[in-house]
Amino acid sequence: MANVSKTKEYAIRYLKQVIEMENRQIAKELKVSQETVDNILGQEQPNKAAIKTVTSKTDSFIRETTGKNTQNVTIMTQTASELSDSKPKSNTISSKYTNAIKKARE
């Protein structure tokens, strides 16, 4: 496959997906070989791959993504959301925070 710039690669994908041109028309328009166009359009797109996640069995939160192996973000799953919605809401303040909350000055 010939060395094609990212701009031409995106142009090839755009002309095929949005404008629905045929491969030979795209090759003629962008002045590249038809084999190059076929190779670019035939490649699997890595951006459309499914994202795999690791979930803990003790709770219903996703803490680590396998793509980046980071633990910077916690994602609440549907089951965790349903559990928190089903618990009764209480307006009481924990004894840990009773001395920390002060009234605003008037």
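In which helix is the place of Asn23? Asn23 belongs to helix H2, and this report describes the surroundings of that residue in a predicted model.

Residues are numbered from 1 along each chain as its sequence is written. In this predicted model, local features need pLDDT of at least 70, and side-chain atom pairs count only at pLDDT 80 or more, while totals for chains, interfaces and linings use all residues; side-chain values use heavy atoms, with hydrogens and water left out.

**The chain as a whole**

The chain contains 4 helices and 3 strands. Here helices (H or I, at least four residues) and strands (E, at least two) are DSSP runs, numbered from the N terminus. Along the sequence, these elements follow the pattern α-α-α-β-β-β-α. The chain has 106 residues, of which 15% count as buried. A residue is buried under 20% relative accessible area, exposed over 50%, and partly exposed in between (1.4 Å probe, protein chains only). The accessible surface of the chain comes to about 9600 Å², and 50% of this surface belongs to carbon and sulfur atoms. Such areas come from the Shrake-Rupley method with a 1.4 Å probe; for residues, only the protein chains shown count as cover. Among contacts in the chain with a separation of 6 or more, 26% join residues 24 or more positions apart; contact means heavy atoms within 4.5 Å.

**How the helices pack**

Two packed helices are described by the angle between their axes and the distance between the axes. Axes are lines fitted to C-alpha atoms, for helices over the stretch in contact, and angles run from 0 to 180 degrees between N-to-C directions.

| Helix pair | Angle | Distance between axes |
|---|---|---|
| H1 (residues 6-17) and H2 | about 140° | 10 Å |
| H2 (residues 23-30) and H3 (residues 34-42) | about 115° | 8 Å |

In the contact of H1 with H2, Lys8, Ala11, Ile12, Leu15 and Lys16 of H1 meet Asn23, Ile26 and Leu30 of H2. By class, this contact has 5 nonpolar, 1 polar and 2 charged residues. Ala, Val, Leu, Ile, Met, Phe, Trp, Tyr, Cys and Pro count as nonpolar, Asp, Glu, Lys and Arg as charged, and the others, Gly among them, as polar.

H2 meets H3 at an angle of about 115°, and the contact is made by Asn23, Arg24, Ile26 and Ala27 of H2 with Gln34, Val37, Asp38 and Leu41 of H3. The residues of this contact divide into 4 nonpolar, 2 polar and 2 charged.

**Asn23**

Why does Asn23 count as buried? Asn23 counts as buried because its relative accessibility is 18%. Not counting residues up to four places away in sequence, Asn23 touches Lys16, Gln34, Val37, Asp38 and Leu41. With Lys16, the side chain of Asn23 makes a side-chain polar contact of 3.3 Å. A polar contact is a pair of N or O atoms within 3.5 Å; within protein, one must be able to donate a hydrogen and the other to accept it, and residues adjacent in sequence count only if both atoms are side-chain atoms.

**The loops on either side of H2**

Most residues other than glycine have a negative phi. Glu20, in the loop between H1 and H2, has a positive phi of about 60° although it is not a glycine. Glu20 is exposed, with a relative accessible area of 64%. Lys31, in the loop between H2 and H3, has a positive phi near 60°. Lys31 counts as exposed because its relative accessibility is 74%.
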